[in-house]
Amino acid sequence: MRALLASCSALALALFAAPLPAAAQAGSKIEEQSIDQLRAMIVAGRATSESITRAYLARIAAMDRRGPTLRAVIAVNPDALAQARAADARRKAGKALGPLDGMPVLIKDNIETLDPLATTAGSLALKDNSTRRDAPLVAELRKRGVVILGKTNLSEWANIRSNSSMSGWSAVGGLVRNPYALDRSACGSSSGTGAAIAASFAAVGIGTETDGSVVCPSSMNGLVGLKPTLGMVSRTHVVPISHSQDTPGPMGRSVRDVALLFSGMVASDPADPATAPAAAHARDFTASLSPDALKGVRIAVLHPDMAEAMKPVYAAALDTLKRAGAVLVDVDAPKLEGLGAAESLVLHTELKADLNAYLATTPASVTARTLDALIAFNTANSGTEMPFFGQETFIEAATKADLTDAEYLGARAKSLRLAGREGIDAMLKKANATILVEPTYGQAWLSDTVSGDHFDGPSASELPAVSGYPHLTVPMGLAKGLPVGLSFIATAWGDQAVLDAGYAYEQASHARVVPRYLPSADVGASVEAVR
């Protein structure tokens with residue numbers, strides 16, 4: 001695997017070294033560029049899809065396994081340049097496929113693509129899982145001409161193997177580092193997508209979320225991230241945890257970029273019954289984005305406990321919402337006793353059933369074809385698979401009954417009721433509001449190989465994750481040098497509403513700060529200087 005990664009980096013450098021047309025050479029600056037800016041460069045003749053793709057490959061080669069060593073990308077796609085050339089040919093022939101045509105996109109490595117890349121979920125057990133099939137969400141994007149640039153690193157098995165895992169670490173990809181402070185967590189499980197997009201390895205990328213895995217890495221890497229309404233985006237050919245909560249989601253540096261990518265992902269999939277309503281909700285999600293979208297909008301506001309450094313940042317965000325015309329109504333979080341236990345039972349039960357079903361479809365080269373076989377594989381390869389944390393969650397899930405079990409069915413009904421009707425719905429109703437806002441998560445913690453993750457402070461992900469409601473996080477600035485996000489939450493199929501609200505806030509705040517790849521957080525003073 002190390003040899004494969006090295007060869008990918010060498011390939012990227014070799015590809016970049018090939019000669020480019022003079023106009024393209026002059027216009028291949030891709031750092032911090034949006035999709036619209038990249039497309040404008042192409043239209044003006046200052047770049048091509050090919051030159052942009054080469055520039056991203058070179059940036060990955062220079063920064064991912066050397067330089068700041070972000071370890072955000074597991075593998076680059078050897079077909080990426082061919083896809084970019086095809087986009088250039090379509091454009092030259094007047095047959096461009098829309099705003100995403102020729103735009104490089106990074107895909108989390110638990111989502112299958114038909115490119116010659118394995119889908120590993122970060123585990124050596126899936127190092128030969130080259131299915132040569134597109135997940136339907138990737139097929140939808142391919143119809144729109146995107147360039148599949150590569151696969152991103154992640155918390156192994158999307159952070160479901162252990163209760164004491166270290167977010168961002170996988171046996172295949174190593175530990176993802178946060179571009180704002182390299183000793184801090186990039187959160188997870190879409191850690192690689194978060195770090196890669198923050199570092200301008202592409203304009204946009206795709207993550208997946210079961211509970212927090214899009215919005216946490218987006219918040220802690222200074223990004224916009226959308227966890228869509230469950231059923232907007234297909235989960236077919238995505239390594240699963242839970243059919244009740246899993247969903248892919250777009251991640252980018254701006255709300256408009258996320259809305260553009262999301263517009264190309266929404267579709268009904270006959271193989272995923274949850275997506276039956278999706279076609280009716282598909283649209284151009286950028287069409288209604290407006291700086292005035294918050295005027296007169298009633299917003300329910302939560303005030304959870306948070307670190308002192310976050311309080312002025314959150315207060316400033318709320319003030320920005322008011323200045324943008326929103327009507328803020330404070331609400332208290334309801335007591336939802338038993339939600340965590342019910343969610344855990346659902347996730348453990350569905351993990352066993354859904355992962356077994358997925359593994360049965362993998363190529364014969366994948367020898368661990370059940371959850372029990374994965375547990376045995378990890379035990380036999382503990383030195384590489386489990387050097388920092390174990391697999392107690394896998395072991396617990398292996399004991400669960402099937403999907404007809406009454407206790408499981410009761411837990412799912414309870415978790416839906418608590419998170420939806422008695423949770424988000426109740427808060428919105430009390431405030432007569434359409435949007436709920438709160439801090440997304442706290443600040444990124446130090447990556448810790450001994451004790452694993454240290455979640456501390458607010459966490460907005462559970463209620464929308466369990467209910468299946470849409471959840472958008474938008475940067476609200478830095479707290480002691482570390483990014484923190486503001487969450488916009490609505491009820492089912494309210495994806496446009498959260499994008500509209502998030503865009504108006506973003507345009508009023510301009511709160512995102514570009515990463516500086518510092519060795520540690522910039523708190524404004526050094527320990528040695530303080531006497």
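Q: Leaving aside its neighbours within four places in sequence, which residues is Asp-272 in contact with?
A: This is a predicted model, and in it Asp-272 is in contact with Val-233, Ser-234, Arg-235 and Thr-236, once neighbours within four places in sequence are left aside.

Q: And where does Asp-272 lie?
A: Asp-272 lies in the loop between α9, residues 255-263, and α10, residues 278-281.

Q: Does it count as buried or exposed?
A: Asp-272 counts as buried, because its relative accessibility is 6% and the cut-off for buried is under 20%.

Q: You mentioned Arg-235 and Thr-236; which pocket has them near its centre?
A: That is the second largest pocket, where Arg-235, Thr-236, His-237, Val-238 and Pro-240 lie nearest the centre, out of 28 lining residues. The elements that give two or more residues to this lining are β6 (204-209), β8 (247-252) and α12, and α12 gives the most, with three residues.

Q: What volume does the second largest pocket have, and how does its lining divide?
A: Its volume is about 440 Å³, and the lining residues divide into 10 nonpolar, 11 polar and seven charged.

Q: What about the backbone at His-237?
A: Phi of His-237 is near 65°, which is a positive value in a residue other than glycine. His-237 is placed in the loop between β7 (224-227) and β8, and at 24% relative accessibility it counts as partly exposed.

Q: Where else is there a positive phi in a residue that is not a glycine?
A: Arg-71 has a positive phi of about 55° although it is not a glycine. Arg-71 is found in the loop between α4 (49-63) and β1 (73-76), and it counts as partly exposed, with 28% relative accessibility.

Q: Now the largest pocket: what is its volume, and what is closest to its centre?
A: The largest pocket has a volume of about 1100 Å³. It is lined by 39 residues, and those closest to its centre are Asp-211, Glu-343, Ser-459, Ser-461 and Glu-462.

Q: Which element gives the most to that lining?
A: For the largest pocket that is α12, with five residues; α12 (339-359) and α17 (462-467) each supply at least two residues of the lining. By class, the lining divides into 18 nonpolar, 15 polar and six charged residues.

Q: Changing topic, how many cavities are there?
A: The count comes to three cavities of 30 Å³ or more. The second largest cavity holds about 40 Å³ of space, and its lining is made up of Asn-110, Ala-121, Trp-157, Ala-158, Ile-160, Val-239, Pro-240 and Ile-241.

Q: How does that lining look by class?
A: The lining of the second largest cavity has seven nonpolar residues and one polar residue, with no charged residues.

Q: Let's go to helix α11; what should its length be?
A: Helix α11 covers residues 311-323, and at 1.5 Å a residue its 13 residues should span 18 Å, which agrees with its end C-alpha atoms being 18 Å apart.

Q: Which residues of α11 are buried?
A: In α11, the buried residues are Val-313, Tyr-314, Ala-317, Leu-318, Thr-320 and Leu-321. They cover an arc of only 155° around the axis, so they sit on the same side of α11. On the other side of α11, Pro-312, Lys-322 and Arg-323 are exposed.

Q: What covers the buried residues?
A: The cover over the buried residues of α11 includes β9 (298-301), β10 (327-330), β11 (435-439), β12 (471-479), β13 (482-489) and α18 (495-509). Just after α11, Gly-325 takes a positive phi of about 105°.

Q: Where is Pro-470, and is it buried or exposed?
A: Pro-470 lies in the loop between α17 and β12, and it is buried, with a relative accessible area of 0%. Pro-470 and Val-498 are 28 residues apart in sequence, yet 7.4 Å apart in space from C-alpha to C-alpha.

Q: One last thing: which residues does a cis peptide bond join?
A: A cis peptide bond joins Gly-188 and Ser-189, with omega about 10°, and Ser-189 has its place in the loop between β5 (174-175) and α7 (191-198).

Key:
Residues are numbered from 1 along each chain as its sequence is written. This is a predicted model: local features need pLDDT of at least 70, side-chain atom pairs count only at pLDDT 80 or more; totals for chains, interfaces and linings use all residues. Side-chain values use heavy atoms; hydrogens and water are left out. Helices (H or I, at least four residues) and strands (E, at least two) are DSSP runs, numbered from the N terminus. The expected span of a helix is 1.5 Å times one less than its number of residues. Buried means under 20% relative accessible area, exposed over 50%, partly exposed in between (1.4 Å probe, protein chains only). The arc is that of the directions from the helix axis to the C-beta atoms. Contact means heavy atoms within 4.5 Å. On a 1 Å grid over the protein atoms alone, a cavity is a set of points where a 1.4 Å probe fits but cannot get out, and a pocket is an open set with protein on both sides within 12 Å along at least five of seven lines; lining residues have an atom within 4 Å of a point. Grid points are joined across faces, edges and corners, and a volume is the space filled by probe spheres set on the points. Ala, Val, Leu, Ile, Met, Phe, Trp, Tyr, Cys and Pro count as nonpolar, Asp, Glu, Lys and Arg as charged, and the others, Gly among them, as polar.
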